[in-house]
Amino acid sequence: MKNLTSVTPQTVTMAGAEKVQMQLLCGPGDGAPSFAMRKFIIAPGGCTPLHQHDYEHEVLILAGGGVAFGNGRENAIKSGDVLFVPANELHQFRNTGGMPLEFLCLVPAFVHQSGAPQPVAVNCASDMAANKK
Ligand SMILES: [Zn+2]
């Protein structure tokens, strides 16, 4: 057992990520063979990259609010919302509010094993408007 406050947030350096930090709460380093639990914190005005990968996400919004892009459209998100992002779906989380947007995001454990391929950002946040139809 450990406490959330004991896990040092890491800045997400993936191309297109802005003002995003991640805490790897539980994963291969804890001996977990199948799943990894991460908490993300996006500062106001920040966003994850618009990206896709061949595994799914299960997301629980913990605090704050913003916009999630998925299934080809934008959805307002707030504390308590649960999102399922299927494999290969293009997705992005953006903090459009005035407080940190915090959420849990679960992935397969292999994502956090050394040498795992990184997902590819399709577009940076500034390209979002051009991407919308
Ligand atoms: Zn993702």
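1. Strands, as the word is used here, are DSSP runs of E with at least two residues, numbered from the N terminus. On that basis, asparagine 88 sits in the loop between strand E8 (82-85) and strand E9 (92-94). The model is a predicted one.

2. Overall make-up. The protein contains 11 strands and one helix. Read from the N terminus, the order of elements is β-β-β-β-β-β-β-β-β-β-β-α. The radius of gyration is 14 Å, close to the 14 Å that the globule rule gives for 133 residues, so the protein is as compact as a globular protein of that length. Along the principal axes, the C-alpha atoms fill a box of roughly 45 × 30 × 25 Å.

3. Burial and contact range. Of the 133 residues in the protein, 23% are buried. Taking contacts between residues at least 6 apart in sequence, 69% join residues at least 24 apart.

4. The nonpolar core. The largest nonpolar core comprises 16 residues, and those with the most contacts inside it are Phe40, Ile42, Phe93 and Phe103. Strand E3 (35-47), strand E5 (57-63), E6 and strand E10 (101-108) each supply at least two residues of this core. E3 gives the most, with four residues. As general background, nonpolar side chains tend to be buried together in soluble globular proteins.

5. Surroundings of isoleucine 42. Ile42 is among the core residues with the most contacts inside the core. Leaving aside neighbours within four places in sequence, isoleucine 42 is in contact with Lys19, Val20, Cys47, Thr48, Phe93, Asn95, Pro100 and Leu101. One of these partners, Phe93, is also listed with Ile42 among the core residues with the most contacts inside the core.

6. Asparagine 71. This residue is not a glycine, yet its phi is positive, near 50°. Asparagine 71 is placed in the loop between strand E6 (65-70) and strand E7 (73-78). Is asparagine 71 exposed, partly exposed or buried? With 14 other C-beta atoms within 10 Å, asparagine 71 is partly exposed, because that class lies between the limits of 12 or fewer for exposed and 20 or more for buried.

7. Asparagine 88. The phi of asparagine 88 is also positive, at about 70°, although the residue is not a glycine. Its place is the loop between E8 and E9 named in the opening point. Asparagine 88 has 11 other C-beta atoms within 10 Å and is therefore exposed, the limit for that class being 12 or fewer.

Definitions and conventions: Residues numbered from 1 in each chain as written. Predicted model: local features only at pLDDT ≥ 70, side-chain atom pairs only at ≥ 80, totals over all residues. Rg over C-alpha atoms; globule rule 2.2 N^0.38 Å. Contact = placed C-beta atoms within 7 Å. Core = buried A, V, L, I, M, F, W, Y, C linked by C-beta atoms within 7 Å.
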